Amino acid sequence: MSDVKSVGNDLAGAALAHDYSFSDDVRSFWRRLPNKALFFPLLLAWMALFQFLGNSTFGYIDTGSLFNWMFNAYTTESPVADDGHGVIMPFLVLGLLWWKRDKLVAQPVRTWWPGLLLVFVATILHILGYVLQQPRISIIGFFGGVYGLMGLAWGPAFLRATFFPFVLFAFMVPLGSLTEKVTFPLRLLVTNLVVLIGQFGMGADVVAEGTQLVNSSMQYQYEVAVPCSGMRSLIAIALIAIVYSYVAIRGFWPRVALLAAAVPLAVIGNTFRMLLIILASFSVGQSWGNIVHKDTFFSMTPYVPAIFGLIWLGGKLEKRQGAAAKAKEPKEAIA
């Protein structure tokens, strides 16, 4: 019995130590962060501007708050777009910044007055968006202003260190129907790839009629609709690529290469899912194709080849960077 109590006390002590460690990390980071009295009051004033004079499109949603307009765009279902990921972006960016907190605090920090120029440009963007009733422009202006205030308080080195996670805020601009210019070519591309691979790779009876996949006897037919275009998986894979590159990859161009790979990988993943649907319909019947099409498990299949592709490419980039670092070590030692 005493052993059980001892184990319980050890676990409770470990839990308390863990909680204390986290709170201690927060307090330590807060103490080490300079220019708090400059940055945070300016940030609150900047946010207040967009809370009370952020949105002028009252015909769509009756609020002057840009933040309310954004939340409505993220949470309203749309047949042509899915902007729901915007809700999680602030937490993701804050998590990444916290992950690199020691590196950020170690940057040479100084008050950098050219940061006000970024704030000025951001203000012009917001005024333009407000007058033209284009909240998307105001969103860009808001985050551009936050970035400028960071530069003002902590300097250009801090801006360079936070650039990649800050890019994630671009995903908070709701695209809505603007994605149709991208999704339709993606739908056609996926349709043609499925027909090409289905006919010559699997021997399937499948032809394309616009963005529809049918067989010659019209026994089954599937529409490569907007959700099947790959736009949703493209956004998800791009997010994963940015997070991966920020955490594990060094250098601007290797990170850009990993992000650029998200486009073909998303297309490959979505083509793979549509091929599974056609294979089930061709082999068994449309009822089985419908199961694959609607099943939640199979809806995740586009991410399998895409994520494995990112892991493979990221591993190659990491090995290349590791080899380059080792090649420099002897030269540095000799010097």
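These legends describe close-up views of a predicted model.

**View 1. Confidence along the chain.** The mean pLDDT of the chain is 83, and 87% of the residues reach at least 70.

**View 2. The largest nonpolar core and methionine 150.** This core holds 61 residues. Trp46, Met70, Phe143, Met150, Leu168 and Phe171 touch the most other members. A second, separate core has 12 residues, including Val190, Val206, Met274 and Ile277. Leaving out residues up to four places away in sequence, methionine 150 touches Phe39, Gly155, Phe158, Leu159, Thr162 and Phe166.

**View 3. A nonpolar patch on the surface.** The patch is formed by Leu117, Phe120, Val121, Ile124, Ile127, Leu128, Val131 and Leu132. Together these residues have about 780 Å² of accessible area. Valine 121 sits in helix α6, residues 115-131. Valine 121 counts as partly exposed because its relative accessibility is 42%, between the 20% and 50% cut-offs.

**View 4. Leucine 317 in helix α15.** Helix α15 spans residues 303-334 and includes leucine 317. With 13% relative accessibility, leucine 317 counts as buried, as the limit is under 20%. Leucine 317 touches Ile249, Pro254 and Leu258, with residues up to four places away in sequence not counted. Leucine 317 and isoleucine 249 lie 68 residues apart in sequence. Their C-alpha atoms are 7.3 Å apart in space.

How values were computed
Residues numbered from 1 in each chain as written. Predicted model: local features only at pLDDT ≥ 70, side-chain atom pairs only at ≥ 80, totals over all residues. Heavy atoms only, no water. Patch = residues over 30% accessible without salt bridge, like charges linked within 9 Å, V, L, I, M, F, W, Y side chains within 5 Å. Areas by Shrake-Rupley, 256 points an atom, 1.4 Å probe, with all protein chains shown as cover. Salt bridge = Lys/Arg side-chain N within 4 Å of Asp/Glu carboxyl O. Helix = DSSP H or I, 4+ residues; strand = E, 2+ residues; numbered from the N terminus. Buried < 20%, exposed > 50% of the residue type's maximum accessible area, 1.4 Å probe, protein only. Core = buried A, V, L, I, M, F, W, Y, C linked by side-chain atoms within 4.5 Å. Contact = heavy atoms within 4.5 Å. pLDDT = per-residue confidence, 0-100.
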